[in-house]
Protein chains: 2
Amino acid sequence: MTNHLDRFFDALADPTCRAVIERLAQSPAPVSELHAPHDIALSTFLKHLKVLEESGLVRSEKKGRVRTVHIEAGPLKTAEGWLSQQRGLWEARLDQLEDLITHLNKTKM
Amino acid sequence: MTNHLDRFFDALADPTCRAVIERLAQSPAPVSELHAPHDIALSTFLKHLKVLEESGLVRSEKKGRVRTVHIEAGPLKTAEGWLSQQRGLWEARLDQLEDLITHLNKTKM
DNA sequence: AAGACACTTAGCCAGATGGCTATCTATTGG
DNA sequence: CCAATAGATAGCCATCTGGCTAAGTGTCTT
């Protein structure tokens, strides 16, 4: 089982891909519009899009000669969930430590 | 400006690094203990650790011959925040669409 | 003082990644 | 039906990545 998180985070690590996600968070858009603000060849841009789509963060349909791309909220939630969980564990532990120290101080007095 | 998110997500994209984070969410640990469960050379493992540390997701101090590594909650929160924001925008938009459709249906009847 | 331990550094290699140009296919507007 | 548009595909590079072995440094433990 190749973890999905691998591909999610891998896609998100690329600034171009993140910019696409940010744009798509506003509304779906055709490939050419997504490409416009990026100063790279279309073919290069398509590779990024492919990575995004294969990661599942994004989906697209072609109608006529236009391919329209839209965000997929589920995977974003998955990635967010993982982060939240790790941070939660760590912060809970810090709180425990703090409590322990407070307790020790009280006892000492 | 090289975005910090680049390095956060890049680190998190590697399963080895994610496993380290998961371990460190429980408690800080020395390098050798972090390395133990991974079936790769120590030198290779150290490269991953370096990526993690340069990303800021993790910090470490050396005392005697042991280097102890611990998680840094702030960056995790940053990454989580970015994801949450994008997802929020997208979901808000879906809700608006839904409302619009509901409204149109009502009007039609 | 010697050996074990816990890293650390250097250097090699194969494959993945991100960029390019050039060429191709399929739709659509006039 | 022709030209322009929108995207797809192929192939070439340079660099980055993740793996290895081998050898080095500094710190215990006995």
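No disulfides are found over all chains of this predicted model: the count comes to zero. The rule asks for a pair of cysteine sulfur atoms within 2.5 Å. Cys17(A) has 2% relative accessibility and therefore counts as buried, since the cut-off is under 20%. Cys17(B) also stands at 2% relative accessibility, so this residue counts as buried by that cut-off.

Cys17(B) belongs to helix 2 of chain B, where it is one of the residues that meet helix 4 of chain B. Helix 2 spans residues 15-26, and helix 4 spans residues 42-55. Two packed helices are described by the angle between their axes and the distance between the axes. For this pair in chain B, the angle is about 70° and the axes lie 10 Å apart. Helix 2 of chain B is therefore roughly perpendicular to helix 4 of chain B, as angles of 65 to 115 degrees are classed that way. The crossing of these two helices of chain B is right-handed. On the side of helix 2, the contact involves Thr16(B), Cys17(B), Val20(B) and Ile21(B). Helix 4 of chain B contributes Phe45(B), His48(B), Leu49(B) and Leu52(B).

The relation between the chains was examined next.

Methods
Residues numbered from 1 in each chain as written. Chains lettered and ligands numbered in written order. Predicted model: local features only at pLDDT ≥ 70, side-chain atom pairs only at ≥ 80, totals over all residues. Heavy atoms only, no water. Buried < 20%, exposed > 50% of the residue type's maximum accessible area, 1.4 Å probe, protein only. Axes fitted to C-alpha atoms, helices over the stretch in contact; angles between N-to-C directions. Helix = DSSP H or I, 4+ residues; strand = E, 2+ residues; numbered from the N terminus. Parallel < 35°, antiparallel > 145°, perpendicular 65-115°, else oblique. Left-handed = near helix turned anticlockwise from the far one by under 90°. Contact = heavy atoms within 4.5 Å.
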